[in-house]
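Here is a short report to read alongside the model. Please keep the viewer open as you go.

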Amino acid sequence: MNRPFGRGRDLSLTPNYVVLVALLIFSLGPLAIMVLNSVKSRAEIGENPLGLPNDFEWSNYARAWEVGNFSTTMVNSGLLVAGSVVGVLVLGGMAAYSLAKLNLSGAGALMLFLLVISSLPIHLFLVPLFVLWREIGLLNSFVGLVIIYIALNAPLGIFLLRSYMLQLPRDFEDAARVDGAGEWQIFARIVVPLSWPGFLTVGLVVALAVWNEFLLATVFLQDESKFTVITSYQNFATRFSRDWSLTSAAAVMMILPILVIFLIFQRRFIEGMTQGGMKG
Amino acid sequence: MRDTAVQTHPSLALHRPRWSRARLRRHAVPWLFVLPILLINLLVVLGPAVAAVYYSMTDWSGIGAADFVGLANYQELFFEDPSFLSAFVHNVVWLAMFLTVPIAMGLIAASLLAPIRRGALFFRLALFIPYVLPSVVVAHLWSSLIHPDRGVVGWLNERGVPGTDIALLGRESTVLPTIAFIDNWRWWGFLMVLFLAGMQNIPPDLFEAARLDGANRWQEFRDVTLPGIRPVLVFMILMTSIWSFLTFDFIWIITQGGPAGASEVLSILVFKNAFQNFEAGYAAAIGITMSLFVGVVISIFVVLRRRGWEI
């Protein structure tokens, strides 16, 4: 095997695949175990925590749905996600439009302000915010928590939407301006429809962040009837930590919607989350 | 003001209103678009953050009146409270673990994945999946997996595999690295995808050239790949340094700082003081201190960059 250059290592990718498959098992193995255990009976898990189930115990799901109070918590989480996504897209989209298209005087200062705001630690303002929300009656209120989620997710949304809008050609807006359209009309009728992929990306990333959020939901929604899937699962999984089939079934129900939506829109998710990581 | 002036001088009416409307359009309308989100951020973040500075100098319980006590909270924090020092040390240990393990894993996986064509998308997607899962699910899943009485470790333990009879989350010496391991399981795939995107932006002829020069895998990685992704790598080192002082979710979910404070970090102290001990003033002081650490990290990076380090 005489090769003129190098050692011919450009040929063999086998070691790469071996290591990557090992990492794949590390990443997905625990999830596979969880899914398998969600259909085993409690007795079987003790004997056989790793293998395929002997009997499919589908009733685990009905029981977990009931005991985990999912009919309430799914609605609660859904309301928070919907409110936060709409809020970030509308208010963040307006701000992004102003920054990208309207020659906002003081745009640089505003960007800096948003950057500083989005890098302040939650634990810095958590306590005064909690007390303020208690005083003005926004504690244990979905509206109250949605306002917080909008505030914390908007800077990222504004940065992503602004860079998306900057790439749009100006022709349509200019034509509309000549025709006497107001800025709101141009925003709502022209810029938003043209930048829908940016809005979709931001909406997905915000939806995932809000659905998964733990700390603020724990602090600001203390009524059991207001629990989200996440805060309710924390109590549920602690209480039933010995019943692994039950906690697995509940977990599968929580992550199934996430995984389906993630797999459908995976390119937008990864693009939005990695750009968010780079900018936020 | 100008509009009223215009109305009292009809002679100017032809010119001034048009000028004024254009001016309004140019300066006020853009601000109307940013005003709502600006007000929300002032209410939720900036206002409470400024209030935290004041409360950190009071003995406030969180309810009722707050008495000004100057810097007494900070004095207690730095000189009298042993839990603060131990929490700070845990944050530094956390930082050391997250600056090494996930970054190394992400770099290795990304550089192995970068030359691959077949199945590349599948690997990228599959390794990213843990990052979209909620922390509560990941935390409870792994707590069960490594529990010595049940789960995989328990199953191995029953079959007499040595070293599997340890409650990793129940011992002071192992609890913090174990939680970091669980957090990292969810985190490292995200880093991998970021690094991979950086590597795919490196011009392929650089790799060709290295190959022609007879570089081996390690030399190619050191001399082509690493310099090529340097901006991403440095940025993620900065973000890791910041986030390590703020970490909360996994520790709170799994141990709430126990056993015996062995996994307590600064954010846990804020939470416990604010919502369990009703020492909101003291909690605010810890929150301010955490923010100062973050400020120090950012300043170090800014200074290094000013000094001409290419970061």
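The sections below cover the model, its domains, the chain contact and some helices.

## About the model

This is a predicted model, in which local features need pLDDT of at least 70 and side-chain atom pairs count only at pLDDT 80 or more, while totals for chains, interfaces and linings use all residues. Residues are numbered from 1 along each chain as its sequence is written, and chains are lettered from A and ligands numbered from 1 in the order in which they are written.

## Domains of chain A

Chain A is assigned domain 1 (14–61) and domain 2 (68–239); such bounds come from an automatic or database domain assignment. Taken over C-alpha atoms, the centres of these two domains of chain A are 36 Å apart.

## Where the chains meet

Chain A brings 66 residues to the contact and chain B brings 71, with two residues in contact if their C-beta atoms, placed from the backbone, lie within 7 Å. On the chain B side, helix H2 (residues 16–55) gives the largest share, 19 residues. Helices (H or I, at least four residues) are DSSP runs, numbered from the N terminus.

By class, that side of chain B has 54 nonpolar, 12 polar and 5 charged residues. Here Ala, Val, Leu, Ile, Met, Phe, Trp, Tyr, Cys and Pro count as nonpolar, Asp, Glu, Lys and Arg as charged, and the others, Gly among them, as polar.

## A loop and a helix in chain A

Look for A:Gln167 in the loop between helix H7 (142–166) and helix H8 (171–178) of chain A. A:Gln167 is exposed, with 10 other C-beta atoms within 10 Å; exposed means 12 or fewer such atoms, buried 20 or more, and partly exposed in between, with C-beta atoms placed from the backbone.

By contrast, H10(A) is largely enclosed by the rest of the structure, because 13 of its 17 residues are buried.

## Two helix pairs

In chain B, helix H5 (residues 120–128) packs with helix H8 (residues 175–200) at about 145°, their axes 8 Å apart. Axes are lines fitted to C-alpha atoms, for helices over the stretch in contact, and angles run from 0 to 180 degrees between N-to-C directions. B:Arg124, B:Leu127 and B:Phe128 in H5(B) meet residues of H8(B) including B:Gly189 and B:Phe190.

In chain A, H8(A) and helix H9 (residues 183–194) cross at roughly 145°, with axes that come within 10 Å. A:Phe172, A:Glu173, A:Ala176 and A:Arg177 in H8(A) meet A:Ile186, A:Ile190 and A:Val191 in H9(A). This contact has 5 nonpolar, no polar and 2 charged residues.
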